[in-house]
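Student: Please show me how to read the features of a model such as this one, with the general idea ahead of each case.

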Amino acid sequence: MIKKIYNKNMGKSNLGWLESSFHFSFAEYYNPLNINFGSLRVLNDDIIHPQSGFPTHPHRDMEIVTYLVSGKLTHKDSMGNERTLERGEVQYMSAGTGVYHSEYNMEEKDDLRLLQIWIYPDAKNYQPNYGDMKFNWDDRVNNWLHMVSSTEGDAPIKIHQDMNIYSLYLEEGKTATFDVAKNRQAYLVQIEGDSIINSVKLNERDAMEIVEENLTINAKSNSHFLVLEMRKAILD
C-alpha cells in the first residue's frame, strides 16, 4: 500500500522568521486523523530566515533527528554541546529525562532549510544524549545512505527505537529501488526535485506512506529523498 501526501495539504505556518510545512499535527496545525505514522510523531520541513531561530527550550522523552537540507544550523544545549552543521549532515538528540537547547540560523543572508524529526522512544527516562554526523555527500549520490538505526542496528547514528533513516540523491534519469518488508512501513519525503514512484508522481516537498510494498523510483530531475523505515505499528 502506498499513499501520496501532497505538500499543499500539509499544515502550514509562517511566523515571518520561520516558514514550516507540518507533515503531522504540530503547533497551530491539529488534525486528529494525522497525529503520527507508527513511531514517527513529527516531521517539519522548516525554513529559518537569517539571524533568527528557536531560543532555548525544553524537550523530554523524544528521539529528535535533524536533517540539514541547505544553509547552516547552530546548535547549543544544556549538555554543553555547541555545533554548526551544513547540507546533508545529521544531528541527533535523545531528550530522555530532559534537555534544553537552542537552534539558530546565524548567517547574514542565506536561509536555513531543515527537516525536524521527532520519534517516539521505545521507553521513557533515558539518559539525555547528543550526537551529530558529517556524512560525505557523495555517499548518497545514486545510493541509499544508511544514517540512523536502532541501538541494535549498524548505522553510525543510533536511536532508542526500531527505525532506520536513509537519504538518497538520485540524478535525473536514474532509477533506484527500496523494499519495505512484511510487518514494516516507511515514510518517504521528496526533499528536492520530482520523481515517479510506482507510477505515482511526487513533486518537491511531497511525501508518501508505504506499507509492506517495494518501491521503484525514477528521478525526473535531480531528486533528494529521505526515507524513515520502521516496524509496522499503531500508537495511541
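**Strands and sheets**

Tutor: Strand β13 (residues 145–150) and β14 are paired in the parallel sense, over three bridges. Within that pair, Ser 149 has Lys 158 of β14 as its bridge partner.

Student: What should I know about the model and its numbering?

Tutor: The model is predicted, so local features need pLDDT of at least 70 and side-chain atom pairs count only at pLDDT 80 or more, while totals for chains, interfaces and linings use all residues. Residues are numbered from 1 along each chain as its sequence is written, and side-chain values use heavy atoms, with hydrogens and water left out.

Student: What do "strand" and "pair" stand for here?

Tutor: Strands of a sheet pair through backbone hydrogen bonds, either parallel or antiparallel. Strands (E, at least two residues) and helices (H or I, at least four) are DSSP runs, numbered from the N terminus. Two strands pair if DSSP finds at least two bridges between them.

Student: In what order do the seven strands of the open sheet lie?

Tutor: The order is β1-β20-β17-β22-β15-β13-β14, and the pairing is mixed. β1 (2–5) and β14 (157–159) each have a single partner strand, so one side of each has no neighbour in the sheet. On average, neighbouring strands of this sheet are turned by 20° against each other, direction ignored. Axes here are lines fitted to C-alpha atoms (for helices over the stretch in contact), and angles run from 0 to 180 degrees between N-to-C directions.

Student: How many bridges join β2 to β3?

Tutor: Strand β2 (residues 11–14) runs antiparallel to β3, and four bridges join them. One of the bridge pairs is Gly 11 with Phe 22 of β3. The hairpin of β2 and β3 has three residues between its strands, and there Gly 16 takes a positive phi near 90°. β3 also pairs with strand β4 (residues 40–48), in the antiparallel sense over five bridges. In that pairing, Ser 20 has Asp 46 of β4 as its bridge partner.

**Burial and contacts**

Student: How many of the five residues of β3 are buried?

Tutor: Buried means under 20% relative accessible area, exposed over 50%, and partly exposed in between (1.4 Å probe, protein chains only). In strand β3 (residues 18–22), four of the five residues are buried.

Student: Is Ser 195 buried or exposed?

Tutor: Ser 195 has a relative accessible area of 0% and is therefore buried. Ser 195 is found in strand β18 (residues 195–197). Its side chain makes a polar contact with the side chain of Gln 190 (2.6 Å). A polar contact is a pair of N or O atoms within 3.5 Å; within protein, one must be able to donate a hydrogen and the other to accept it, and residues adjacent in sequence count only if both atoms are side-chain atoms. The C-alpha atoms of Ser 195 and Lys 220 are separated by 4.9 Å, although the two are 25 residues apart along the chain.

Student: Which residues does Asp 122 touch?

Tutor: A contact means heavy atoms within 4.5 Å. Not counting residues up to four places away in sequence, Asp 122 touches His 160 and Gln 161. Asp 122 sits in the loop between β11 (112–119) and β12 (129–133). With a relative accessible area of 48%, Asp 122 is partly exposed. The side chain of Asp 122 also makes a polar contact with the side chain of Tyr 126 (2.5 Å).

Student: How many residues does the largest nonpolar core have?

Tutor: A nonpolar core is a set of buried Ala, Val, Leu, Ile, Met, Phe, Trp, Tyr and Cys residues joined through side-chain atoms within 4.5 Å. The largest has 30 residues, and those with the most contacts inside it include Leu 40, Met 147 and Leu 226. A second, separate core of 18 residues includes Tyr 166 and Met 208.

**Salt bridges**

Student: How many salt bridges does the count come to?

Tutor: A salt bridge is a side-chain nitrogen of Lys or Arg within 4 Å of a carboxyl oxygen of Asp or Glu. The count comes to 14. In one of them, Asp 45 and Arg 113 have their closest N and O atoms 2.8 Å apart. Asp 45 lies in strand β4 and Arg 113 in strand β11, so the pair ties together parts that are 68 residues apart in sequence. Both Asp 45 and Arg 113 are buried.

Student: How far apart are the closest N and O atoms of Arg 205 and Asp 45?

Tutor: They are 3.5 Å apart, in another salt bridge. Arg 205 lies in the loop between β19 (200–202) and β20 (207–211), so its pairing with Asp 45 in strand β4 ties together parts 160 residues apart in sequence. Arg 205 counts as partly exposed because its relative accessibility is 21%.
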